[in-house]
Structure formats: structure tokens, C-alpha cells
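Colleague: I have a new model open and would like to learn how to read it. Can we go through it one feature at a time?

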Amino acid sequence: MRRNWKALLEHELPGCVLSYKSAINGGPDKDHNLVVSYGKRAPTRYYPGLTVQVRPGGPLPGDTPYGKLFVASETRWILECLEAVKGSATRTVPVEHIEQYLEKVLQLRGEGSLNALRDKARGFAQDQRREVEFKRLER
């Protein structure tokens, strides 16, 4: 199932969004886990060689179509990965990973782009009730 994860999701969860660390990875992580946002809260789904953790939600403005799926926008996955609640470790990445990513943004795109990303994240955080995660981003 791992190599056919996209076809599986397109069939089982059409319109779902690769979210959290799955958006960064563009698919399953090394432990064969995927995190998607889809509809109401649904149970984790287990397939041979693949675990799909389903979070409530769906596509938002800025998410990128990917066949019958979507990939979370840069702003969205950054804030999702800064979530620090019980059980979030399986779907997020260490803060250091986000810090390294933001340093690359600064180096490759410049300070203006980094500031624009922060401003976009501020608006997204207000719209999606992610103010706590945005405060972590500002540190």
C-alpha cells in the first residue's frame, strides 16, 4: 500500500488534504504514516504498510490540488506542525525542523519573503484559530 498511497487516498478519501508533516514530506514518513485533513473527525485507518491519521478539516484557500487530493499550503503546514498538544508528536515535526526550514526561506528567498510568510501566517492563524501556534512561530 505504501507505494500506492495516493491512489488509495483518492479512492478512500477523495478531496482530503495532505497535512502536518505529510505536507512537508509530500507523502508518508519513514514510519509509513500519513496525516490528512478530511471531513469530520474520523478514526485512524490502517492498511498493510500504511497508517493514515485523519484529522478534521478539508481544503482551504491556498492549498494546492494534487490529483483528487490537496497539499496543505506552506502557511498551513508550518502552523499545523507547531501544534503542541497531547498526541500531536505523531503528526508534527520538531520545532528545530521548522526553524531550519525558515532559515532556508531566508537564505533562498530573502528577508522580504520571510516577512511575507509571517504576515500570511498571522492572517491564517486568526482565520483558523491557530493563534497559539503563531505565537510559537514568532519566538
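**Pockets, core and sheet**

Modeller: Start with a lining. By class, the second largest pocket is lined by four nonpolar, four polar and five charged residues. Keep in mind that this is a predicted model.

Colleague: Which residues of that lining lie nearest the centre of the second largest pocket?

Modeller: First the general idea. Rolling a probe the size of a water molecule over the atoms shows where empty space is left. Here, the second largest pocket has 13 lining residues. Nearest its centre are Pro-56, Arg-76, Glu-80, Gln-128 and Arg-130. The volume of the second largest pocket is about 200 Å³.

Colleague: How much space lies in the largest pocket?

Modeller: About 320 Å³ lies in the largest pocket. Its lining has 15 residues. Leu-102, Arg-136, Leu-137, Glu-138 and Arg-139 are nearest the centre. By class, the lining of the largest pocket splits into eight nonpolar, one polar and six charged residues.

Colleague: Which helix gives the most to the lining of the largest pocket?

Modeller: Helix 4 does, with six residues. Three helices each supply at least two residues of that lining: helix 4 (95-109), helix 5 (111-127) and helix 6 (131-138).

Colleague: Now the core. Which residues touch the most other members of the largest nonpolar core?

Modeller: The general idea: in soluble globular proteins, nonpolar side chains tend to be buried together. In this model, the largest nonpolar core has 34 residues. Leu-9, Val-36, Val-52, Ile-78, Ile-98 and Leu-137 touch the most other members.

Colleague: Leu-137 came up at the largest pocket as well. What does Leu-137 touch?

Modeller: Leave out residues up to four places away in sequence. Leu-137 then touches Ile-78, Leu-79, Leu-82, Leu-102 and Ala-121. Ile-78 and Leu-79 from that list are buried residues of helix 3.

Colleague: Why is helix 3 largely enclosed by the rest of the structure?

Modeller: Count its buried residues. Helix 3 spans residues 74-81, and seven of its eight residues are buried, so the rest of the structure largely encloses it. The buried ones are Thr-75, Arg-76, Trp-77, Ile-78, Leu-79, Glu-80 and Cys-81. Arg-76 and Glu-80 are also among the residues nearest the centre of the second largest pocket.

Colleague: What covers the buried residues of helix 3?

Modeller: The cover includes both strands and helices. The strands are strand 1 (17-18) and strand 2 (33-37). The helices are helix 2 (20-25), helix 4, helix 5 and helix 6.

Colleague: How do strand 2 and strand 4 run, parallel or antiparallel?

Modeller: They run parallel, joined by five bridges. Strand 4 covers residues 50-55. Opposite Val-54 in strand 4 stands Val-36. Opposite Thr-51 in strand 4 stands Asn-33. Five of the six residues of strand 4 are buried.

Colleague: And how many bridges join strand 3 to strand 4?

Modeller: Three, and these two strands run antiparallel. Arg-45 has Val-52 in strand 4 as its bridge partner. Strand 3 and strand 4 form a hairpin with two residues between them. In the turn, Gly-49 has a positive phi of about 80°.

Definitions and conventions:
Residues numbered from 1 in each chain as written. Predicted model: local features only at pLDDT ≥ 70, side-chain atom pairs only at ≥ 80, totals over all residues. Heavy atoms only, no water. Core = buried A, V, L, I, M, F, W, Y, C linked by side-chain atoms within 4.5 Å. Buried < 20%, exposed > 50% of the residue type's maximum accessible area, 1.4 Å probe, protein only. Contact = heavy atoms within 4.5 Å. 1 Å grid on protein atoms, 1.4 Å probe; cavity = no way out; pocket = protein on both sides within 12 Å on 5 of 7 lines; lining within 4 Å. Points joined across faces, edges and corners; volume = space filled by probe spheres on them. Helix = DSSP H or I, 4+ residues; strand = E, 2+ residues; numbered from the N terminus. Nonpolar A, V, L, I, M, F, W, Y, C, P; charged D, E, K, R; others polar. Pairing = 2+ DSSP bridges.
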